[in-house]
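Please open the structure in your viewer and keep the selection tool at hand. The tour goes stop by stop, saying what to select and what is there.

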Amino acid sequence: MHEVIDIPTELAAAQEKYNKEAGRAFIAALPGLAAEFLDRWNLSVTGAPMHGVSALVLPVHRADGTPAVLKLQLRDHESEGEPTALRLWNGDGAVRLLDHDEPTGTMLLERLDASRMLAHRPDVHEGVLVIARLLAHLHTTPAPPGMRHLRDIAAAMLERTPAVLERIPDPAARRLTADCAAAVREVAGEPGDRLLHWDLHDENVLAADRAPWLAIDPKPLAGDPGFDLWPALANRFDPGDVLWRFDAMTEILGLDRARARAWTYGRLLQNCLWETEEGRPLDEADLEIARRLRGRAA
């Protein structure tokens with residue numbers, strides 16, 4: 001019989017905020033789900049639960065003493081491709097998948113060093129370069145058939161944009177959002193075919209004994225690498241650093257800057273749609289990134 005797992009209150013609050021009834025049901029089911037997979041995979045808990053916004057992560061040992069982590073999360077359209085992507089990357093630049101339960105999305109992952117997170121490094125530029133090099137490596141993998149696709153995401157965003165523009169009260173923010181949609185419309189016909197991480201910021205990069213840095217927690221999709229730049233532009237936000245980060249990343253990734261800028265605008269558009277549809281104000285840092293990039297020559 002396994003010990004009862006304490007569910008972090010912050011995780012419960014995040015699930016309530018973002019997933020409403022589905023989030024409450026997920027939190028209620030978590031202790032039983034954890035017990036089921038600790039038994040099924042013969043795991044023993046070796047430390048306190050960890051969590052992000054959407055997942056509970058338990059440090060465990062396998063029966064042979066190998067350290068690992070058990071990741072339990074609410075399966076949705078963003079997370080359902082995670083095991084597929086991790087299998088394709090096969091530990092090369094990303095955390096290694098050890099086992100997976102398809103119906104629940106539960107995963108057993110190799111244990112990385114959570115105390116050595118890229119976000120803890122004081123040199124922000126070092127962090128940006130690490131992320132860019134990881135992305136350049138991960139993007140060499142073509143996306144598999146059936147992976148959610150930037151083509152469909154872009155089409156859905158453009159369809160939602162007119163109604164959202166009417167709800168943005170500030171004329172300058174409304175104009176900037178419309179400009180972002182126009183930029184996405186220009187590149188939407190060539191959405192790309194690489195396997196993208198989508199959420200590679202400096203809290204999703206951990207150190208390991210086998211590699212200096214590895215990516216975790218992908219929300220994978222098929223698409224253009226320019227759609228993967230946003231998190232590194234936004235984390236530890238510094239308006240004066242936006243162009244340096246954009247130029248450094250596009251150089252390392254070998255991207256056409258005009259195209260990369262258009263897909264980066266796509267991330268701003270995505271954020272604006274989410275915030276406005278949820279009745280929240282637009283994020284000023286998001287808008288400032290777009291303003292800074294608007295003056296960047298190709």
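What follows is a walk through a predicted model.

**Stop 1: a pair of helices**

Two packed helices are described by the angle between their axes and the distance between the axes. Select α4 (150-165) and then α5 (residues 171-187). How far apart are the axes of α4 and α5, and at what angle do they pack? The axes are 10 Å apart, and the angle is about 155°. Angles over 145 degrees count as roughly antiparallel, so α4 is roughly antiparallel to α5. The crossing of these two helices is left-handed.

Now show the side chains where the helices touch. On the α4 side, pick A154, L158, T161 and L165. On the α5 side, they meet R174, T177, A178, A181, V184 and R185. By kind, the residues of this contact divide into six nonpolar, two polar and two charged.

**Stop 2**

Select H139, which is found in the loop between α3 (124-138) and α4 (150-165). Is H139 buried or exposed? Its relative accessible area is 5%, and since buried means under 20%, H139 is buried. To see what surrounds H139, leave aside its neighbours within four places in sequence and select R194, L195, L196, P225, D228 and L253; H139 is in contact with each of these residues.

**Stop 2: salt bridges**

Side chains of opposite charge can pair when their charged atoms come close. How many salt bridges does the structure hold? There are 23. Three of them are visited here, starting with R24 and E16.

- Select R24 and E16: their side chains meet in a salt bridge at 2.7 Å, N to O. R24 is partly exposed, with a relative accessible area of 37%, and E16 is also partly exposed, at 35%.
- Select E288 and R291: the N to O distance in this salt bridge is 2.8 Å. Both residues sit in helix α9 (residues 284-294), and because they are three residues apart there, about one helical turn separates them. E288 counts as buried at 18% relative accessibility, while R291 counts as partly exposed at 33%.
- Select E82 and K71: here the side chains meet at 2.9 Å, N to O. E82 lies in helix α2 (residues 82-89) and K71 in strand β4 (residues 67-73), so the pair ties together parts that are eleven residues apart in sequence. Both E82 and K71 are buried.

**Stop 3**

Most residues other than glycine have a negative phi. Where is D217 placed? It is in the loop between β10 (214-215) and β11 (221-223). D217 is buried, with a relative accessible area of 18%.

Last, select R236. R236 is not a glycine, yet it has a positive phi of about 45°. R236 lies in the loop between α6 (230-234) and α7 (242-253). With a relative accessibility of 33%, R236 counts as partly exposed, whereas D217 is buried.

Key
Residues are numbered from 1 along each chain as its sequence is written. This is a predicted model: local features need pLDDT of at least 70, side-chain atom pairs count only at pLDDT 80 or more; totals for chains, interfaces and linings use all residues. Side-chain values use heavy atoms; hydrogens and water are left out. Helices (H or I, at least four residues) and strands (E, at least two) are DSSP runs, numbered from the N terminus. Buried means under 20% relative accessible area, exposed over 50%, partly exposed in between (1.4 Å probe, protein chains only). Contact means heavy atoms within 4.5 Å. A salt bridge is a side-chain nitrogen of Lys or Arg within 4 Å of a carboxyl oxygen of Asp or Glu. Axes are lines fitted to C-alpha atoms, for helices over the stretch in contact, and angles run from 0 to 180 degrees between N-to-C directions. Angles under 35 degrees count as roughly parallel, over 145 as roughly antiparallel, 65 to 115 as roughly perpendicular and the rest as oblique. A crossing is left-handed if the near helix is turned anticlockwise from the far one by less than a right angle, and right-handed if clockwise. Ala, Val, Leu, Ile, Met, Phe, Trp, Tyr, Cys and Pro count as nonpolar, Asp, Glu, Lys and Arg as charged, and the others, Gly among them, as polar.
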